[in-house]
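Student: Please take one part of this model and go through it closely. I would like to start where the chains meet and then stay with one chain.

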Amino acid sequence: MSQIFHRSANTIARVSIFGAVFFIAGLLVLLAEVNRSPWMTESRVAREQPIQFSHERHVAGNGIDCRYCHTSVEDSSFAGVPPTKTCMNCHSQIFANSPFLEPVRDSFRTGRSIQWTRVHDLPDFVYFNHSIHVNKGVGCTTCHGQVDRMPLMWQESSLQMEWCLDCHRSPERYVRPRGAVFRVDYVEPPDQIELGRRLVAEYQIQRLTSCSTCHR
Amino acid sequence: MPHKWGMAVDLDRCTGCGACVTACHAENNIPTVGPAQAARGRAMHWLRVERYWEGDFPDVRLTFRPVMCQHCDAAPCEPVCPTYASHHTDEGLNAQVYNRCIGTRYCANACPYSVRFFDFFNPQWPKPLHLQLNPDVSVREVGVMEKCTFCVQRIRAVEIDAKAEKRELKDGDVKPACVQGCSARALVFGDLNDPESEVSRLSRSPRGSKLLEDVGTLPKVTYLERQTQV
């Protein structure tokens, strides 16, 4: 009786078992990378808004401080979305008749809030607090990116847990002096690690990696 | 030194009114399950008031014992969790991470105090009660285990405010919902690492005892009651 399999079947079997390990490993890496990609996290994808509000124009062009609109960032968990009244502080005088700003004037007249599209949306089981980060020397642009170069707002970071933990494990890589927290033109000094270590000690920054720091 | 949160319950003060239970439900978005499911043992009360009748009629004495998670230092629920959803924090809290929990229920089986509850259903609140949910606490979905957290959201809020204002926490700054709701002031919460705090002082009291002390779980809740000579 002749053999069912040719001698080469041994080699094929070995190669395919060996290859399968790499194939599965590759598949897992691919899956992890897809999960990290903007396709899943929607980072760096500009969001359409009811009014084409440009942070670039207002921040870089006009030099308005973050806190002029996001008033509660220093003492609340939520940075705050400004009421229409804040827009009208300037826009009752500047571009007061521009057709682009009709929704703003309409909101002001009727008292109905402008329905902005949320850009940074954390999962519901995560609790983030702006005030403590700002008070410990985490700059706006550290997480939100160069807002002064975003005509339409996008989410700069992945907002995934590994991204949070990256800083929570080694804050010295990111912290800056408290005075520079709201500066959008702040550039990390070449000795960031050295400066960071000093600030971590000075501001008593803790490495909070316990789950219940953010999950509750 | 990190905090070590603990509680003292004065049973001689407790009137069994149940305000703590109500406060806990309101604070922590705990759903009610209805009489049919409660009869099957699926009622959820992170904090319950146990009733004990002592003596025979007519010489009956009724005593109460509020029982919440004892936040054991040697918690039996922690080593059995395959996903580390049930774990110990630096501050001695026995924390439950809902988004890690896969619902094996090992922890509830290991707990000698029966203070862990499994979500058999997605919680539902008839309108307009859904508007009273606490935004600082996750609403747990079906298939996860939940339990008393010592109102960790309040601890974090006070800690964050204190750090942002660069001051130290004072004794009594942190009040879980049950403590705040207790009109008899039978419940006292605070830092056990601070020897001067009220809860430390009460925990050292000769009136104090732990629940099921002999099983060796090292609970952080101390029950105070009148000790009688037998």
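Tutor: In this predicted model, 13 residues of chain A are in contact with 18 residues of chain B. Sorted by class, the side of chain A that touches chain B has four nonpolar, six polar and three charged residues. For the complex, the predictor gives an ipTM of 0.86 and a pTM of 0.90.

Now to chain B. Its mean pLDDT is 93, and 99% of its residues reach 70 or more. Chain B has six helices and ten strands. The C-alpha trace of chain B spans about 55 × 50 × 35 Å along its principal axes. A compact globule of 230 residues would have a radius of gyration near 17 Å, and the 18 Å of chain B agrees with that. Of the 230 residues in chain B, 36% are buried. Among contacts in chain B between residues at least 6 apart in sequence, 60% join residues at least 24 apart.

Next, the interior. In soluble globular proteins, nonpolar side chains tend to be buried together. The largest nonpolar core here has 48 residues, and Met7(B), Val9(B), Met68(B), Cys178(B) and Leu187(B) have the most contacts inside it. Two or more residues of this core come from each of β1 (5-10), α1 (19-27), α4 (152-164), α5 (177-181), β8 (187-191) and β10 (221-224) of chain B. The largest share, four residues, is given by β1(B). Cys178(B) shows how such a residue is surrounded: leaving aside neighbours within four places in sequence, Cys178(B) is in contact with Cys20(B), Ala23(B), Cys24(B), Leu47(B), Met68(B) and Leu187(B). A second, separate core has eight residues, among them Val73(A), Cys140(A), Val175(A) and Leu199(A).

The strand β1(B) also belongs to a sheet. Strands of a sheet pair through backbone hydrogen bonds, either parallel or antiparallel. The sheet in question is open, has four strands in the order β8-β1-β10-β9 (chain B), and has mixed pairing. Its edges are β8 and β9 (208-209) of chain B; each has a single partner strand, so one side of each is left without a neighbour in the sheet. Between β1(B) and β8(B), which run antiparallel, there are five bridges. One position to look at is Ala8(B), whose bridge partner in β8(B) is Val188(B).

Another pair of strands forms a hairpin. Strand β2 (residues 48-54) of chain B runs antiparallel to strand β3 (residues 61-67) of chain B, and seven bridges join them. Across this pair, Trp53(B) stands opposite Leu62(B) in β3(B). Six residues lie between the strands of the hairpin, where Gly55(B) takes a positive phi near 90°. Pro58(B) is in the loop between β2 and β3 of chain B, and the peptide bond that joins Phe57(B) to Pro58(B) is cis, with omega about 5°.

That brings up the backbone exceptions. Most residues other than glycine have a negative phi, and most peptide bonds are trans. Tyr84(B), which is not a glycine, has a positive phi near 60°. Tyr84(B) sits in the loop between β3 and β4 (86-88) of chain B and is partly exposed, because 13 other C-beta atoms lie within 10 Å. Ser114(B) is not a glycine either, and its phi is positive, at about 50°. The place of Ser114(B) is the loop between α3 (106-110) and β6 of chain B. With 11 other C-beta atoms within 10 Å, Ser114(B) counts as exposed, since the cut-off for exposed is 12 or fewer.

Last, the loop between β6 (116-118) and β7 (145-147) of chain B, which holds Trp125(B). Trp125(B) has 14 C-beta neighbours inside 10 Å and so counts as partly exposed. Leaving aside neighbours within four places in sequence, Trp125(B) is in contact with Pro31(B) and His130(B). Asn29(B) is 96 residues from Trp125(B) along the chain, and their C-alpha atoms are separated by 9.6 Å. Pro128(B) lies in this loop between β6 and β7 of chain B as well. The peptide bond from Lys127(B) to Pro128(B) is cis, with omega near 5°.

Key:
Residues numbered from 1 in each chain as written. Chains lettered and ligands numbered in written order. Predicted model: local features only at pLDDT ≥ 70, side-chain atom pairs only at ≥ 80, totals over all residues. Pairing = 2+ DSSP bridges. Buried ≥ 20, exposed ≤ 12 C-beta atoms within 10 Å, placed from the backbone. Contact = placed C-beta atoms within 7 Å. Nonpolar A, V, L, I, M, F, W, Y, C, P; charged D, E, K, R; others polar. Core = buried A, V, L, I, M, F, W, Y, C linked by C-beta atoms within 7 Å. pLDDT = per-residue confidence, 0-100. Rg over C-alpha atoms; globule rule 2.2 N^0.38 Å.
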